[in-house]
Amino acid sequence: MASCLDDIVTLELLDAMRNDSEIVIKNHSERLNKTVEIKLFPLKIFVSTRTGRRYLIGMKAGYNKLISLRLDYIKEVNQAEKCIKAENYRNIFKASLAHSFGTTVLQNGKTEHFEMLLSIDEEKEQFILERLKREGKNGTICRIRQNVFSYSIDVFDTVDMMPWVKSFIGRIIKLSGDNKLAINRFYNDIERLVKLYEN
């Protein structure tokens, strides 16, 4: 039943996008434990490759602020007036994608620097370098010395990219960046894994 409701909401959102209409949605807030009304211009529907959850990306009316909302929390969608700033909002959204790794498209307009130092066998593991280029969005790859490479990027939310970062376990030499909480959590998870295997 929940999946059917999500599909109905998705169709209504796509219809509003086609019409360049602003919408008023009823969204359940887990934090406030209540349903709130939000007016916004819908821009895109993202699907998380990690969780499969769907998210609506929109420009919040009156704030010029991009927000991300889980589709399964949206209970009702009503189209409002045609948005006269539709093209401007789409351009803002496109610009924000350069610093988005997941479903976080804007976080106070500030980016976080992240860097990962990797051990990659240049002769046998060219496929790893290709994967970094293919999946690493707008990140920069630099050869530090033989078989050692750095990958760096500026993103809105480092946490969004950590599941992808973890897929390089075994090759990671060091992580560094602005979001110390996300990086420390990574190292703590590794320590917990080591302890589990030691027992």
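Which residues are exposed on the other side of α3?

1. This is a predicted model, in which local features need pLDDT of at least 70 and side-chain atom pairs count only at pLDDT 80 or more, while totals for chains, interfaces and linings use all residues. Residues are numbered from 1 along each chain as its sequence is written, and side-chain values use heavy atoms, with hydrogens and water left out.

2. Helix α3 spans residues 126-135, and its buried residues are I128, L129, R131 and L132 (buried: under 20% relative accessible area; exposed: over 50%; 1.4 Å probe, protein chains only). These four lie on the same side of α3 because they cover an arc of only 155° around the axis, taken from the directions from the helix axis to the C-beta atoms. On the other side of α3, the exposed residues are F127, K133 and R134.

3. The cover over the buried residues of α3 includes β6 (112-119), β7 (140-145), β8 (148-155) and α4 (158-166), with contact meaning heavy atoms within 4.5 Å. After α3 comes K137, with a positive phi near 50°.

4. Five strands form an open sheet in the order β4-β3-β2-β1-β5, with antiparallel pairing (pairing: at least two DSSP bridges between two strands). β4 (65-70) and β5 (74-82) are at the edges with a single partner strand each, so one side of each has no neighbour in the sheet. Helices (H or I, at least four residues) and strands (E, at least two) are DSSP runs, numbered from the N terminus.

5. Six bridges join β3 (residues 54-60) and β4 in the antiparallel sense; G58 has I67 of β4 as its bridge partner.
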